[in-house]
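Please look over the structure below before reading on. The briefing that follows is arranged by topic and is meant for someone new to it.

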Amino acid sequence: GPLPPRGRSSGVAAPTSPRPLGVGMPLFGTASSSASTAPPRSSAEDSAVAGAVIEGARLVARQPTALFAAVDSWQELETVQLGDVLVASGPPRGADGFTMVPVRPRGAVDLSCFDVKAPPAAFTTRPSASLGEVEGPEDGETAEALDKLRAIRKEAYRDKYGGPFRRRRGRIGWICALLTAPLALAVSLLRCVLGAALSALSAVLSTFLRPHVWLGALWALVAVGAVGWQSCAEGVAPSEVETQALGQTFGPIRVVCESHHPWARELRGALWSAIALAAESRVLTLQLADDAARARDSWLWPLFGWCPYRDASDAVARCTQRSEMEKVRSALDCAALRRAFHEGQRLFHPDHLRLKHPACNDQVLEVCSVALNAAMEERRRILSCPAR
């Protein structure tokens, strides 16, 4: 007949088996309060059950038994109560005449003390003994319970494998937030600017796609053409020299529009005002774009590695505003001029600037040193200092 179950409850144990650790405390799941045990299985039934055990299969204790340290070990680690659920970590193996199954996260159990249930196929976040979760009912699991289990595993994975930008707690969280604050601010600013540009482009495109816009433009052209046909005439400018060849007269063409209607003067004034407003708007737009480019290059170049100077003239204008250049221009004597020039040479040297701004070209990096030499020569001439 089949051997009795291996473990302390069956009376089959190694003579030197140590005292089990934590006796009386369930290892996984919820232990049943009933002390009844299932009847023993035959050899054929044990063979059928062993064939159903695969990795991930759930093992439900059909009687109290022990959790051993390994498949071939008699050391008892813990007590498994009736109804407790374990998860197999591999296929069953024979040891000393018993069929042993390795389980998660450690140890092995005697298969004759367990009923086998197949692992879930469609749902991969069912509670498992490897995470210390409690097994719920098999049937009728609600969507809310499944969502909670998914959230638990997602949070555990994020805390362990979230990378450098995962949510942290305590002092590390404050340090990470402080270090990444400029980058987050720059990204938010770029997102706002890009969103505004896309919104403006979308508004323009949507405007051009409307038929009444094209009808209005066509009506305006027809109106301007009708007014010009009635009030304007063209002719050859009399002040210019005319050239005749092959019976044709070549010379500049002058178009003169004349009208006695009161609205003509108003239209002329509105036209001149629109031209002046367009010119002023163009100048203001260029100035704002220049200021925005300067601010972008000044603030964001450390983050993105841009060259902080747009061209050589911009580099000269910004270098002349540095305090080192001002010390050279305002030196009171030759010794102060020499010290200021040496300090400026150290900061404005092309090799130093190349290490600080590798994205700038050589022409931009050399103009600051040239401007420093010119300022030094001018101040040396004023102070009558000896040549270097």
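In this predicted model, cysteine 307 and cysteine 360 form a disulfide, with 1.9 Å between their sulfur atoms. Cysteine 307 sits in the loop between helix H5 (262-304) and H6, and cysteine 360 in the loop between H9 and H10, so this link joins distant parts of the chain, 53 residues apart.

**Disulfides**

- The count of disulfides comes to three.
- The link of cysteine 307 and cysteine 360 is right-handed, with 105° about the S-S bond.
- Cysteine 307 has a relative accessible area of 16% and is buried; cysteine 360 is also buried, at 7%.
- Another disulfide joins cysteine 319 to cysteine 368, with an S to S distance of 1.8 Å.
- The torsion about the S-S bond of cysteine 319 and cysteine 368 is about 55°, so this disulfide is right-handed.
- Because cysteine 319 lies in helix H6 and cysteine 368 in helix H10, the pair ties together parts that are 49 residues apart in sequence.
- Cysteine 319 and cysteine 368 are both buried.
- Cysteine 334 and cysteine 385 also form a disulfide, their sulfur atoms being 1.9 Å apart.
- The link of cysteine 334 and cysteine 385 is left-handed, with -100° about the S-S bond.
- Cysteine 334 belongs to helix H8 and cysteine 385 to the segment after H10, and the pair links distant parts of the chain, 51 residues apart.
- Cysteine 334 is partly exposed, with a relative accessible area of 23%, whereas cysteine 385 is buried at 10%.

**Other cysteines**

- Cysteine 113 counts as buried, at 1% relative accessibility.
- Cysteine 192 counts as exposed, at 55% relative accessibility.

**Helix H10**

- Helix H10 covers residues 362-383, which is 22 residues.
- From its first C-alpha to its last, H10 reaches 32 Å, close to the 32 Å expected at 1.5 Å a residue.
- The buried residues of H10 include Val364, Leu365, Val367, Ala371, Leu372, Ala375 and Met376.
- Cys368, Ser369, Arg379 and Arg380 are also among the buried residues of H10.
- The cover over the buried residues of H10 includes helix H6 (312-319) and helix H7 (323-329).
- Helix H8 (334-348) and helix H9 (350-356) are also among the elements that cover the buried residues of H10.

**Salt bridges**

- The count of salt bridges comes to eleven.
- One of them is between arginine 62 and aspartate 115, whose closest N and O atoms are 3.3 Å apart.
- This pair links distant parts of the chain, 53 residues apart: arginine 62 is in the loop between strand S1 (58-61) and strand S2 (65-68), and aspartate 115 is in strand S8 (residues 114-117).
- Arginine 62 is buried, with a relative accessible area of 8%, while aspartate 115 counts as partly exposed at 36%.
- Arginine 381 forms a salt bridge with glutamate 378, with 2.6 Å between the closest N and O atoms.
- Both arginine 381 and glutamate 378 lie in helix H10, three residues apart, about one turn of the helix.
- Arginine 381 counts as exposed at 55% relative accessibility, and glutamate 378 counts as partly exposed at 39%.
- Aspartate 362 counts as partly exposed at 44% relative accessibility, and arginine 354 is partly exposed at 30%.

- S1 pairs with strand S4 (residues 85-87) in the antiparallel sense, over three bridges.
- The bridge partner of arginine 58 in S4 is valine 87.
- S1 also pairs with S8 in the antiparallel sense, over four bridges.
- The bridge partner of valine 60 in S8 is aspartate 115, the residue that forms a salt bridge with arginine 62.

Key:
Residues numbered from 1 in each chain as written. Predicted model: local features only at pLDDT ≥ 70, side-chain atom pairs only at ≥ 80, totals over all residues. Heavy atoms only, no water. Helix = DSSP H or I, 4+ residues; strand = E, 2+ residues; numbered from the N terminus. Expected span 1.5 Å × (residues − 1). Buried < 20%, exposed > 50% of the residue type's maximum accessible area, 1.4 Å probe, protein only. Contact = heavy atoms within 4.5 Å. Salt bridge = Lys/Arg side-chain N within 4 Å of Asp/Glu carboxyl O. Pairing = 2+ DSSP bridges. Disulfide = S-S within 2.5 Å.
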